[in-house]
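Q: Before we look at the model together, could you show me how to read helix packing, ring pairs and burial from a set of atoms?

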Amino acid sequence: MTDRASGTTDESPRRPSYGQRRRARIDALATAGTVDDQPGVSLIRSAWLRLRRNPVFLIGLAITVVFVVLALVSPWLAPWDPTARPLLDQVRPQSNPVPGPEPGHPLGADDRGRDLLSRLLVGSRQTLIVGVFATLFGLLGGLVLGTLAGAMGGWVDSLVMRVVDVMLSIPSLLLAFTIASLARSPSQWTLIVAIAVVQVPIFARLLRGSMLAQRSSDHVLAARSLGVKPRAIVFRHMLPNALGPVIVQATLSLAVAIIDAAALSFLGLGNPDQRQPEWGQMLGLAQRYISEAPHLAFYPAGCIIVVALGFTLMGESLREALDPKSRR
């Protein structure tokens with residue numbers, strides 16, 4: 001604009017109109033949620049990126065790794081044979097029924113002169129065997145029942161779920177105690193079978209719910225529309241995508257299996273052979289000297305609590321990382 005008096009031109013910008021301001025605001029809102037083009041991340045990698053920054057998961061993972069490593073190398077790491085009695089000459093039923101710590105025996109010995117630290121280390125292997133095999137067999141049984149119920153539906157689903165409901169209505173420890181007591185002679189496999197049967201309905205119900213959610217998913221409907229056989233749909237599309245929650249539950253069930261195995265061994269339904277120590281068995285043997293030597297019960301009980309806590313922390317962290325509803 002030219003000023004007539006001075007002959008100069010006014011270069012001041014004009015104020016944008018209402019329409020221009022509105023279009024600029026819409027463009028800003030449209031581009032506010034855009035992100036830079038980056039390659040996609042899988043569910044497993046996305047979960048790991050969150051887990052490695054989660055201190056709860058790292059603590060549980062550290063406890064679990066230490067326990068597994070000690071259980072695997074315990075026969076070579078134990079300073080004494082768990083069946084040997086190096087301190088038997090110091091066992092005096094009246095004055096000193098349980099020898100205390102001394103050089104070469106940092107935790108002392110039990111009432112039969114056997115090194116307590118060596119029995120704890122070797123007992124970790126037996127505890128790991130019972131927990132892993134019981135959870136594995138329970139997982140396999142739950143996969144069979146959950147797949148049948150979730151894939152077939154109808155009367156098969158109703159029948160399987162009624163059996164599962166009956167099993168879940170009985171307290172888990174009471175059901176395991178009943179199954180273990182039916183054996184002619186208690187053994188390590190008695191514990192494994194009893195605890196596995198208790199865990200079957202948990203995995204079956206969880207897998208059945210995941211399978212039902214997969215039945216109405218888009219990729220399953222697309223496979224049906226293309227004429228894919230039902231067996232292929234179940235084992236190639238539904239089951240692999242439904243296993244995530246079940247695997248996470250397995251880590252939590254492993255902690256429960258260790259506690260249940262210790263409880264049954266404490267009640268005398270585990271392996272009676274003291275040449276193969278187990279933490280629950282050691283806890284049961286220590287009750288006779290709970291007033292004179294409480295450390296005999298403290299050490300195996302502490303090991304059970306710490307290991308169960310490690311698996312629980314790791315399992316809960318995995319569940320939160322893989323569950324979209326729990327992501328932060």
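This is a predicted model: local features need pLDDT of at least 70, side-chain atom pairs count only at pLDDT 80 or more; totals for chains, interfaces and linings use all residues.

Q: What is the angle at which H4 and H10 pack, and how far apart are their axes?

A: Two packed helices are described by the angle between their axes and the distance between the axes. Here H4 and helix H10 (residues 279–286) pack at about 135°, and their axes are 8 Å apart. Because an angle counts as roughly antiparallel when it is over 145 degrees and as roughly perpendicular from 65 to 115, H4 and H10 are oblique to each other.

Q: How do the axes of H6 and H9 cross?

A: The axes of helix H6 (residues 172–181) and helix H9 (residues 230–266) come within 11 Å, crossing at roughly 50°, which makes H6 oblique to H9. The crossing in which H6 passes H9 is right-handed. From H6 the contact draws on Leu173, Ala176 and Phe177, and from H9 on Asp260, Ala263 and Leu264. By class, the residues of the contact of H6 with H9 are five nonpolar, no polar and one charged.

Q: How many aromatic pairs does the structure hold, and how should I read one?

A: A pair of aromatic rings is described by the distance of the centres and the angle of the planes. The structure holds six aromatic pairs. One of them joins Phe133 and Phe137, a tilted pair with 6.0 Å centre to centre and 55° between the planes. Both Phe133 and Phe137 belong to helix H4 (residues 116–152), where they sit four residues apart, about one turn of the helix. Phe133 counts as partly exposed because its relative accessibility is 32%, and Phe137 is likewise partly exposed, with a relative accessible area of 35%.

A further pair is formed by Phe298 and Tyr299, which is edge-to-face, with 5.7 Å centre to centre and 65° between the planes. Phe298 has a relative accessibility of 58% and therefore counts as exposed, whereas Tyr299, with a relative accessible area of 28%, is partly exposed.

Q: Is Ala71 buried or exposed, and why?

A: Ala71 counts as buried because its relative accessibility is 1%, and buried means under 20% relative accessible area. In the protein chain, buried residues make up 38% of the 328 residues. Ala71 is found in helix H3 (residues 55–77).

Q: Which residues does Ala71 touch, beyond those up to four places away in sequence?

A: Leaving out residues up to four places away in sequence, Ala71 touches Ser124, Arg125 and Leu128.

Methods:
Residues are numbered from 1 along each chain as its sequence is written. Side-chain values use heavy atoms; hydrogens and water are left out. Rings of Phe, Tyr and Trp (its six-membered ring) pair if their centres lie within 6.5 Å; planes under 30 degrees apart count as stacked, over 60 as edge-to-face and the rest as tilted. Helices (H or I, at least four residues) and strands (E, at least two) are DSSP runs, numbered from the N terminus. Buried means under 20% relative accessible area, exposed over 50%, partly exposed in between (1.4 Å probe, protein chains only). Axes are lines fitted to C-alpha atoms, for helices over the stretch in contact, and angles run from 0 to 180 degrees between N-to-C directions. Angles under 35 degrees count as roughly parallel, over 145 as roughly antiparallel, 65 to 115 as roughly perpendicular and the rest as oblique. A crossing is left-handed if the near helix is turned anticlockwise from the far one by less than a right angle, and right-handed if clockwise. Contact means heavy atoms within 4.5 Å. Ala, Val, Leu, Ile, Met, Phe, Trp, Tyr, Cys and Pro count as nonpolar, Asp, Glu, Lys and Arg as charged, and the others, Gly among them, as polar.
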